[in-house]
Amino acid sequence: MTTLTPAQAAACIAVMAVMTFLTRAIPFLLFGRKGGQVPPVVLYLGRVLPPAIIMMLIIYCLRSVSFAGPSHGIPELLCVAVAAVLHWWKGNNLLSIFTATVLYMILVQAVFV
Amino acid sequence: MRNVWAAAFRVTVPVLIGYLAIGVAFGLMLEAIGYNFIWAFFMSLTIYAGSGQYLGVSLLDLGAALSEAALLTLILNFRHIVYGLSMLEKFQTITGWRKFYMIFSLTDETYALLTSVRTPQGMRPADFYFAIALLDQSYWIIGSVLGSVAGALLRFDTTGVDFAMTALFVVIAVGQWKENKRHLPAILGGCCTFLSLSLLGPDNFLIPALGAIVVLLLGLRGRLEDPAAAPVQTVKEEQP
């Protein structure tokens with residue numbers, strides 16, 4: 001059970017909210033002022049970062065997959081491949097995501113248990 | 001105006017599935033340590049960060065000091081610092097409280113959608129982006145409240161449904177790969193993160209990976225600068 005009073009818990013939540021907002025707001029606080037010039041190197045980073053970050057997030061989602069574990073990471077790798085190939089072929093977001101997710105659920109619930 | 005919400009709903013359906021799944025799990029965890037749906041609602045309203053709120057559950061459970069809560073949240077969400085860099089131009093036409101909200105609501109998933117969507121014809125990008133951001137957070141709030149009120153009653157086995165989030169990022173990566181002529185940023189991002197994870201393990205790899213990505217991209221600026229404005233050959237010829 002909790003060791004915090006409601007006021008303490010609310011303070012903890014407030015601190016987390018402020019810190020989370022701060023991490024998101026820093027670029028705008030530094031470079032987002034009205035009429036201010038954004039340094040070209042910052043705009044450059046803003047343009048080239050997204051593909052790198054998306055790859056980072058994919059690996060972040062898969063970080064706890066263990067290749068030594070009972071399923072050897074097969075459900076994860078297979079379903080990532082299914083999503084990628086299906087999307088390359090059909091280009092339909094929902095179709096790719098639904099198919100890969102349903103296949104993953106079947107694999108982890110019924111095949112690799 | 002209705003069109004904007006319908007169009008935004010279409011692109012956010014994957015986030016709806018993913019956020020409901022991980023939101024419900026969050027609500028369940030919070031309920032389990034003695035905090036009811038009102039707490040889940042306010043945490044999802046004010047913090048609005050997936051992994052951040054999972055951390056929040058253990059901080060509340062352990063009765064963590066405020067300084068510890070601040071530091072751990074900062075470390076966990078450090079990656080968000082670079083997200084705004086890609087939004088400085090996109091958010092330029094947005095002003096006032098809407099801009100404040102767009103910055104507040106820049107989660108991994110909303111960032112990923114905003115970097116990849118094209119605003120449908122006849123709509124203002126500012127309205128479209130705002131609708132995406134607001135819908136995403138509403139899914140998250142609904143999921144977390146649902147989880148704490150009725151999570152225990154859910155009889156349908158939802159194990160694995162959170163893979164929708166991974167699949168969303170994969171789909172966005174494929175779309176970006178097809179659209180961009182230069183694949184070096186994506187390859188770098190994948191290699192740096194994979195190496196960092198292999199070397200440092202699943203708990204500490206994110207910030208070093210992010211640092212390596214930023215440093216390498218800065219170092220490659222001469223090769224990667226402004227592919228949209230200048231054709232590839234011209235840029236190469238101009239290099240001394």
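What share of the 240 residues in chain B is buried?

1. Buried residues make up 46% of chain B's 240 residues. Here a residue is buried if 20 or more other C-beta atoms, placed from the backbone, lie within 10 Å of its own. Keep in mind that this is a predicted model: local features need pLDDT of at least 70, side-chain atom pairs count only at pLDDT 80 or more, and totals for chains, interfaces and linings use all residues. Residues are numbered from 1 along each chain as its sequence is written, and chains are lettered from A and ligands numbered from 1 in the order in which they are written.

2. Chain B has 13 helices and zero strands. Helices are DSSP runs of H or I with at least four residues, strands are runs of E with at least two, and both are numbered from the N terminus. The C-alpha atoms of chain B fill a box of roughly 65 × 50 × 35 Å along the principal axes.

3. Now for where the chains meet. Chain B brings 74 residues to the contact and chain A brings 62 residues; two residues are in contact if their C-beta atoms, placed from the backbone, lie within 7 Å. On chain B's side, helix α9 (residues 163-179) gives the most, with 13 residues.

4. Next, the largest nonpolar core, which has 101 residues. A nonpolar core is a set of buried Ala, Val, Leu, Ile, Met, Phe, Trp, Tyr and Cys residues joined through C-beta atoms within 7 Å. A:Met56, B:Ile132, B:Leu168 and B:Phe169 have the most contacts inside this core. Domain 1 (1-49) and domain 2 (62-113) of chain A both give residues to it, so the core lies between them. Those domain bounds come from an automatic or database domain assignment, and the C-alpha centres of the two domains are 33 Å apart.

5. Leaving aside neighbours within four places in sequence, its contacts include B:Ala8, B:Val11 and B:Leu113.

6. Among the buried residues of α10(B) are B:Leu188, B:Cys192 and B:Leu197. The cover over the buried residues of α10(B) includes α2 (40-61) of chain A, along with α9, α11 (206-219) and α12 (221-224) of chain B. After α10(B) comes B:Gly201, with a positive phi near 85 degrees.

Technical notes:
Buried ≥ 20, exposed ≤ 12 C-beta atoms within 10 Å, placed from the backbone.
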